[in-house]
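Open the model in your viewer and keep the selection tool at hand. This tour goes from one stop to the next.

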Amino acid sequence: MENNKRPDSMTRITTPQQAQQFIAEQVDAIRAQVGSKKVLLALSGGVDSSVVAALLIKAIGRQLVCVHVNHGLMRKGESEQVLEVFRNQLDANLVYVDATDRFLDKLAGVKEPEQKRKIIGSEFIRVFEEEARKLEGIEFLAQGTIYPDILESGPVKAHHNVGGLPEDLRFALVEPVKFLFKDEVRVVGIELGLPESMVYRQPFPGPGLGVRCLGAITRDRLGALREADAILREEFEAAGLTRKVWQFFTVIPDFRSTGVKEGRRVDDWPVIIRAVNTVDAMTATVPELDWAVLQKITQRILAEVPGVCRVLYDLSPKPVATIEWE
Ligand code: XMP
């Protein structure tokens, strides 16, 4: 049985020097574990999988095969950033799968939130499994498990929502950051040269925009949601709020509302802005945002996003409301 307890002797990684030492140790450990064999990694572009990818690339280069599955529910520019950083800058051996149509077809007409989560989770495993079967000579599976995942739920990442790969694809695991806390993973990521926007990325649920496009997902509402979310992120960055607010995003409900555009009555969608501060996501407060910032975001969304005629700011703390809308 693998040891899943952080060694008492391990000091907390807070400085660049400590991160460099950790990286050097892990590079040696990975080379010793893997030898000349190939390792597979599902690279979502989240902090943990990105840091594991960068660490493995440093240790074994193109023996690491990264698979990035775009489920069509990513935020604007996210898959592009994964390709730019890993394929172009780090010369990763990266398989990119655009599975947008497959996911959206499976999700068509599905309203129930847990059902949506299940479909996204199991479809993700299926696509990853198909890609894994095309590859030859894989003997290891790398995972971005971090210490809170182990403390919370045993060996599988807490938020994967689904079981794992089938028996014949259960490779030996490589989990180089499994004893690190999130803040330590970030220090290591910066030392590995990953961009700050990746390393300090706010939490983004595995099912992505799928749980923010409420009810049955449609391509037009999903497109509007993605554009509105991109505007929100741009304006938060411009206002210096990106590192001050813990999580912020937009939500699009599955009902319409009346508006007036160019003198004509329209039936368009509302967009809801959600922003929260929290330590552990168990409780959360809503920051008092500058009115001018909210107005600017509202004006831009109304002017730039087709199909939207109303913008709301959600004032509800957790509890009673959850952070996500469904
Ligand atoms: P709630 O909505 O439960 O969210 O207050 C707490 C935190 O968890 C994230 N979240 C998810 N993350 N898969 C994930 O990986 C999910 O299905 C999921 N649902 C919520 C949410 O974004 C927040 O940070």
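A polar contact here is a pair of N or O atoms within 3.5 Å. Keep that cut-off in mind; the model is predicted.

**Stop 1: the ligand.** Select the ligand, then Arg117. A polar side-chain atom of Arg117 sits 2.6 Å from a ligand oxygen. Next, pick Gln247. An N or O atom in the Gln247 side chain is 2.9 Å from an oxygen atom of the ligand. Now show the backbone of Gly206. One of the polar backbone atoms of Gly206 lies 3.0 Å from a ligand oxygen. On its own, the ligand has 490 Å² of accessible area, and the protein covers 79% of that.

Stop 2: Select 2-199 for domain 1 and 212-313 for domain 2. Their C-alpha centres are 29 Å apart. Domain 1 brings 14 residues to the contact, and domain 2 brings 13.

**Stop 3: the interface.** Stay with domain 1 and domain 2. They bury about 1,200 Å² between them, with 49% of it on carbon and sulfur atoms. Look for polar contacts across the interface: 8 residue pairs qualify. The salt bridges between the two domains number 4. Finish on Lys76 and Glu227. They form a salt bridge, and their closest N and O atoms are 3.0 Å apart.

Definitions and conventions
Residues numbered from 1 in each chain as written. Predicted model: local features only at pLDDT ≥ 70, side-chain atom pairs only at ≥ 80, totals over all residues. Heavy atoms only, no water. Polar contact = N/O pair within 3.5 Å; in protein donor to acceptor, adjacent residues only side chain to side chain. Areas by Shrake-Rupley, 256 points an atom, 1.4 Å probe, with all protein chains shown as cover. Domains from an automatic or database assignment. Contact = heavy atoms within 4.5 Å. Buried area = accessible area lost by both parts, 1.4 Å probe. Salt bridge = Lys/Arg side-chain N within 4 Å of Asp/Glu carboxyl O.
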